[in-house]
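Have the structure open as we go.

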Amino acid sequence: MIGRYLPYLKKYRASCIFGALSKWFEALLELLVPLVMKNVIDIGVANADISYVLWGGALMLAMGAVGFGCAVFCQRSASIASQGFGTNVRNALFRHIDTLSYREIDRVGAASLVTRVANDVTQMQSAVAMTIRLVVRSPFIAAGSIILCLALDWRAGLVVTAASVLVALVLWIIMKKSVPYYTKNQKKLDRLTQITNENLEGARVVRAFANREKERARFDRAAEDMLENSIVIGKISAWLNPLTFAIVNFGVAVILLMSGYQVNDGRLTNGDIIAIINYMTQILNAMIVISNLVSLFTKANASMHRVSEVFDMRSCIEDGPGCEPDFQAPAIEMEGVSFSYAGTDQYSLRDITLAVGRGQTVGIIGGTGSGKSTLVNLLPRLYDASVGSVKIFGRDVRDYHLKELRFLFGVVPQNAALFSGTVRSNLFWGNDRATDEQFDEALKVACAYDFVYEKGGLDEKVAEGGKNFSGGQRQRLTIARAVAAKPEILILDDSCSALDFATDARVRANIAALKGMTTVIISQRASSIMNADTIFVLEDGKIVGSGRHGELYEHCPLYREICDSQTRAEG
């Protein structure tokens with residue numbers, strides 16, 4: 001699995017290689033310091049040779065300075081490589097998520113995807129930095145110290161080796177125990193992120209229903225759940241340092257005991273003892289670093305699997321071979337279409353058959369959950385029909401290139417989604433080659449021209465989500481964005497719900513005046529679709545009536561009930 005991420009480091013091979021080599025050279029110098037110290041004690045101090053002591057001290061200072069320079073170079077290289085790696089993985093992950101259909105995104109969840117792009121990639125990025133900085137150094141220090149201890153005295157070397165093996169065994173057991181909990185922790189973080197997003201996006205709803213305490217309690221439960229899992233991880237990880245210190249310090253005590261007799265017998269010198277103790281200390285420090293690396297790599301491993309899950313997903317909507325639309329054919333055709341969402345066998349749409357001519361205005365009405373939005377989502381292939389076929393201008397939607405198909409549509413969704421920037425940058429989403437005059441025309445069609453120019457014109461700032469505009473203003477701006485694209489088919493998915501009746505009527509009249517455009521209007525208001533060429537009435541995913549307003553009112557009980565209930569409400 002690690003191999004799939006190596007290409008993201010390809011551009012930073014030099015930083016990885018030379019950064020690791022510089023750290024390796026620093027570790028080599030660190031291993032040589034105890035040997036220099038040994039000679040200073042056994043030759044300089046033993047013989048009262050001050051010049052040798054000063055020379056040895058100067059050599060160790062020089063080695064320390066060179067080692068410091070190597071460490072700084074390695075740190076810089078590791079930062080460049082890890083930051084570049086994280087950026088490359090995030091970009092690739094975001095691009096891949098952008099290829100997924102709604103079905104895959106629904107299955108994973110938006111909150112989880114955000115956590116994977118932000119938090120999980122950061123964990124992997126940290127692992128890359130630590131690999132360059134410490135993975136080369138720490139094992140080399142540990143192995144080098146063991147070898148040099150064996151060279152100085154094989155008995156002490158065996159004690160050092162045994163202590164190192166025991167520490168490695170402890171590290172392996174701790175890692176094996178903690179990995180499942182780190183994986184759980186990331187999932188619990190997903191849940192925490194989801195609750196946070198829901199409360200930030202729905203802050204007005206939470207306060208309007210006076211549910212702040214309830215939502216705080218829900219957040220607290222999720223946080224407590226994550227805390228409990230984190231405490232388990234902490235309890236497992238808490239054994240690392242005490243056990244490694246105990247094993248290494250016990251090894252030091254054994255070495256001191258053994259070496260004392262050998263010094264008395266003349267088989268070891270004072271310098272040998274100090275060098276062995278220094279190497280034991282270096283092993284201890286290396287093992288502590290490795291134990292911390294275990295925690296980091298355990299988190300990174302869990303994160304890597306979560307990121308790989310997203311990369312392994314493939315959109316159930318495959319790009320078509322490409323075809324040319326036949327503008328002489330009906331704009332929209334559905335034949336025996338049924339559809340069910342992921343994770344359920346229950347159909348949201350059942351046996352839908354309809355045809356809409358080019359340039360017609362179509363109204364779709366029905367109760368909440370009747371399948372209105374689901375039906376129009378099938379047209380630009382946001383979802384694929386489970387059964388039956390959907391045709392746009394005489395061609396099955398599966399035959400179009402996705403980009404070509406979606407260029408035929410201008411979609412105004414239920415939720416008026418604007419992006420931070422300016423009014424102009426938002427209108428460019430519809431047509432990136434449009435002129436200001438064309439934008440002005442689109443704003444006039446959407447009855448948005450006056451308030452936009454009262455605020456500051458096309459360069460007026462748009463806050464995140466368009467929060468500096470009212471609900472009705474956001475809806476009109478999204479209509480203008482779709483109209484600016486000059487689409488063949490305009491879909492208005494309950495996009496005038498925040499407008500008063502007069503403004504709604506003016507917007508519909510302006511859209512109706514646009515020549516050659518097929519318009520699909522989804523609305524809860526019968527008055528919004530009353531003048532449509534054809535009206536389809538949906539109930540429980542089925543078409544229960546179709547025709548013009550007069551004949552539907554006469555022959556469709558559900559449509560008549562909707563109209564009468566709204567007339568009474570307005571009265």
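Q: Which residue of β11 is the bridge partner of I365?
A: Strands here are DSSP runs of E, at least two residues long, while helices are runs of H or I, at least four residues long, and both are numbered from the N terminus. In β11, I365 has V537 as its bridge partner. Keep in mind that this is a predicted model, where local features need pLDDT of at least 70, side-chain atom pairs count only at pLDDT 80 or more, and totals for chains, interfaces and linings use all residues. Residue numbers start from 1 along each chain as its sequence is written, and side-chain values use heavy atoms, with hydrogens and water left out.

Q: How many bridges join β3 to β11?
A: Two strands pair if DSSP finds at least two bridges between them. β3 is joined to β11 (residues 534–539) by 5 bridges, and the two run parallel. β3 also has 4 bridges to β10 (residues 518–522), again running parallel. In that pairing, G363 has I521 as its partner.

Q: Is β3 mostly covered or exposed?
A: Buried means under 20% relative accessible area, exposed means over 50%, and partly exposed is in between, using a 1.4 Å probe and protein chains only. β3 (residues 361–366) is mostly covered, with 6 of its 6 residues buried. T361, G363 and I365 point one way, V362, I364 and G366 point the other, and all are buried.

Q: How many cavities does a search of the whole structure find?
A: Rolling a probe the size of a water molecule over the atoms shows where empty space is left. On a 1 Å grid over the protein atoms alone, a cavity is a set of points where a 1.4 Å probe fits but cannot get out; a pocket is an open set with protein on both sides within 12 Å along at least five of seven lines; lining residues have an atom within 4 Å of a point. Points are joined across faces, edges and corners, and the volume is the space filled by probe spheres set on them. Here the search gives 2 cavities of 30 Å³ or more.

Q: What lines the largest cavity?
A: Its lining is I332, L354, V356, V362, I364, L375, L379, V520 and F536, around about 60 Å³ of space. β2 (349–356) and β3 are the elements that give two or more residues to that lining. By type, the lining has 9 nonpolar, no polar and no charged residues.

Q: Which residues have the most contacts inside the largest nonpolar core?
A: In soluble globular proteins, nonpolar side chains tend to be buried together. A nonpolar core is a set of buried Ala, Val, Leu, Ile, Met, Phe, Trp, Tyr and Cys residues joined through side-chain atoms within 4.5 Å. The largest has 43 residues, and L477 and I479 have the most contacts inside it. α16 gives the most to this core, with 6 residues. L477 also lines the second largest cavity.

Key:
Nonpolar A, V, L, I, M, F, W, Y, C, P; charged D, E, K, R; others polar.
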